[in-house]
Number of protein chains: 2
Amino acid sequence: VELGERSYQVEIGAGNISAAAAHVNNKNKNARVAIVTDEVVESIYGEKMVNAFEERNITAGTVVIPVGEESKNVETLAMLWDSFAELGIDRKSVVVALGGGVVGDVTGFAAGTYLRGVDYLQVPTTILAQVDSSVGGKVAINLHAGKNLAGLFYQPRSVVIDVLTLKTLPEREVRAGLAEVVKYGVIWDESFMGYLEDNAAKILAIDPEVISHVVMRSVQIKAEVVGSDETEQGLRRILNYGHTLGHSLENLAGYGVYLHGEAVAWGMAVATRISAEMGMLKYSDADRVLELLKKLSNVPKPADIDADELIAGTRKDKKAQAGKVNYVLAESVGRVVVRDDVDEGLVKRVVEEHIERG
Amino acid sequence: VELGERSYQVEIGAGNISAAAAHVNNKNKNARVAIVTDEVVESIYGEKMVNAFEERNITAGTVVIPVGEESKNVETLAMLWDSFAELGIDRKSVVVALGGGVVGDVTGFAAGTYLRGVDYLQVPTTILAQVDSSVGGKVAINLHAGKNLAGLFYQPRSVVIDVLTLKTLPEREVRAGLAEVVKYGVIWDESFMGYLEDNAAKILAIDPEVISHVVMRSVQIKAEVVGSDETEQGLRRILNYGHTLGHSLENLAGYGVYLHGEAVAWGMAVATRISAEMGMLKYSDADRVLELLKKLSNVPKPADIDADELIAGTRKDKKAQAGKVNYVLAESVGRVVVRDDVDEGLVKRVVEEHIERG
């Protein structure tokens, strides 16, 4: 990923998880590594990762956080800082984020602020983390008032992706992560969209060769978008396709009801439909997007959701400025634009078509 | 302060505290300002500051934190984030840090991480904050394991210094802050040292003209040092004169026993003496430093402190790398060097001369 001075390497492979240790310099005899992970990932990869470091004569300690979005809070952040102090992490040390997006986000925040920034390595083990949170340097925690409200831009030293970790992932999580993969096709690359359509079965079966290509192309697209706009002033906003309404749904339903990728899949479905209704996108293209979303992902049909409340929630998004809400809308498969003039009456009508009446 | 893209303005005056409001653009009708301050500063300047914004049609809310170093923790940080959300702070909003170093540090951290960074304005009301924490962009909170262990580099949009705020400061705090002023003379500018010696009485009486010059020259020196070394790899380390041992004393004595400036004054006295004992600094120059330190500041003589524990504490400093402890030592008045080869036996002997035997 090229970001001027702060560029870093993304290594994608199958069965290469132990190679993460090679990204830490073992010349410094006092090197200490803190591996942050969650309970589930720890039980599968924890020992393997510690051994990989010990084999290179690097002392590695493990810090385990509870599974789930609830861990992405200030208490976990404070616990990580305290753990780094206990493990003797200094400015030459390296922190490893081993797990999904929650682990990556809170660990990146903690690493980026401990001693005003120590190096960290991302080893994402979910498809969502591999194609999304591992690239772009956005790290954050949730506040009571909303998701990702506190955070910073902090780039990892490098990212090591082992697609075989996806074999141990529940299908629901695989499908949630694939919503973001479909997003990259819609916002940037019509031919990638074609590849996804042609290889849907192999993708869902985690065929190593196909999934490696899918992850690699997704990472490339994100890097292309982010690389030209590191601090989110312009182009980068197109990555929020499906996120304006998706975030609001997550908030309204309460954390834990929908996975992030499911809420985003729903938001993409609605945004795609709005694009068609506004005459920007051909209905046949909208159908193509919706069909692939359903095939690779899960598009929930939320019940007991009030459309007005959902729309009110979009105005609280941290990207909302001076009360204006940005929507990313499609003009064709592979091309989107950011609009802040979308009629809320239309939004409400389309939202209501996408929720279950009680 | 020139820091390439991130340069900002430092305005120094007498009676200019309300001018802070002029640094916020009032063209944005939805502009919101959050003024963070402590209980004491709020009682003196809170209303005045809110009015200054209201007169410019900018909605300002106040967030009050308890006085003292104990507030510089993760709980206050979380409280500030939540308060920003309640006050409707968005990416176009401005946060104002009105108070001493504690307010500045925790507010800067909160502003630098809320929505991944909103603009903030420093209005420092103590001499220490005016000459030290308001320049350089280092913001932090304390952890159980030590001071300033979690933080980041985050530059304010501008700094507004009203030296008349020093009139309401207790003498103990004025003297503590002046330790850092003496430091600038020792590390950088022999003629400034002469000015301080010639004007000691007026400085302690907070003569507006003299104290303005003292604050301005201190800020300039810090800016010169920091400007050439924004992320603390080299030259900036000379600002830690007196801090290696000073921080350790603060930790060992427990927060609240000594003011930061008092611990630094003590650390400077010890470092100056070590410099002379190592044959780097003339004894007459060492005496000159110690005399001015005693005249303008307070050099405590700690009791019940174990020299070995104090020295052990220096190894835990976040600037210690691979077990090596850096000491800033003087070669002359106006010139210092960083050394990591200081004999701990010598350090122990000099430390013991500077503590009260029980």
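Colleague: Against which elements of chain B do the buried residues of α9(B) pack?

Modeller: In this predicted model, the buried residues of α9(B) pack against several helices and strands of chain B. The strands are β7 (146-153) and β9 (327-332). The helices are α5, α10 (260-277), α12 (307-314) and α13 (344-353).

Colleague: How many residues of helix α9 (residues 243-253) of chain B are buried?

Modeller: Buried here means under 20% relative accessible area. The buried residues of α9(B) include His243(B), Leu245(B), His247(B) and Glu250(B). The helix is largely enclosed by the rest of the structure, because the buried residues number eight of the 11.

Colleague: Which residue follows α9(B), and what is the value of its phi?

Modeller: Helix α9(B) is followed by Gly254(B). The phi of Gly254(B) is positive, near 95°.

Colleague: At what angle do helix α5 (residues 171-188) and helix α6 (residues 190-198) of chain B pack?

Modeller: Residues of α5(B), among them Val181(B), Tyr184(B) and Trp188(B), meet Glu190(B), Phe192(B), Met193(B) and Leu196(B) in α6(B). The residues of this contact comprise eight nonpolar, one polar and one charged. The axes of the two helices are 7 Å apart, and the angle is about 145°.

Colleague: Is Val67(A) buried, partly exposed or exposed?

Modeller: Val67(A) lies in the loop between β3 (59-65) and α2 (74-86) of chain A. Together with Val40(A) and Ile44(A), Val67(A) makes a nonpolar surface patch of about 230 Å². Its relative accessible area is 40%, so Val67(A) is partly exposed.

Definitions and conventions:
Residues are numbered from 1 along each chain as its sequence is written. Chains are lettered from A and ligands numbered from 1 in the order in which they are written. This is a predicted model: local features need pLDDT of at least 70, side-chain atom pairs count only at pLDDT 80 or more; totals for chains, interfaces and linings use all residues. Side-chain values use heavy atoms; hydrogens and water are left out. Axes are lines fitted to C-alpha atoms, for helices over the stretch in contact, and angles run from 0 to 180 degrees between N-to-C directions. Helices (H or I, at least four residues) and strands (E, at least two) are DSSP runs, numbered from the N terminus. Contact means heavy atoms within 4.5 Å. Ala, Val, Leu, Ile, Met, Phe, Trp, Tyr, Cys and Pro count as nonpolar, Asp, Glu, Lys and Arg as charged, and the others, Gly among them, as polar. Patches are made of residues with over 30% relative accessible area and no salt bridge: like charges are joined within 9 Å, nonpolar side chains (Val, Leu, Ile, Met, Phe, Trp, Tyr) within 5 Å. Accessible areas come from the Shrake-Rupley method with a 1.4 Å probe; for residues, only the protein chains shown count as cover. A salt bridge is a side-chain nitrogen of Lys or Arg within 4 Å of a carboxyl oxygen of Asp or Glu. Buried means under 20% relative accessible area, exposed over 50%, partly exposed in between (1.4 Å probe, protein chains only).
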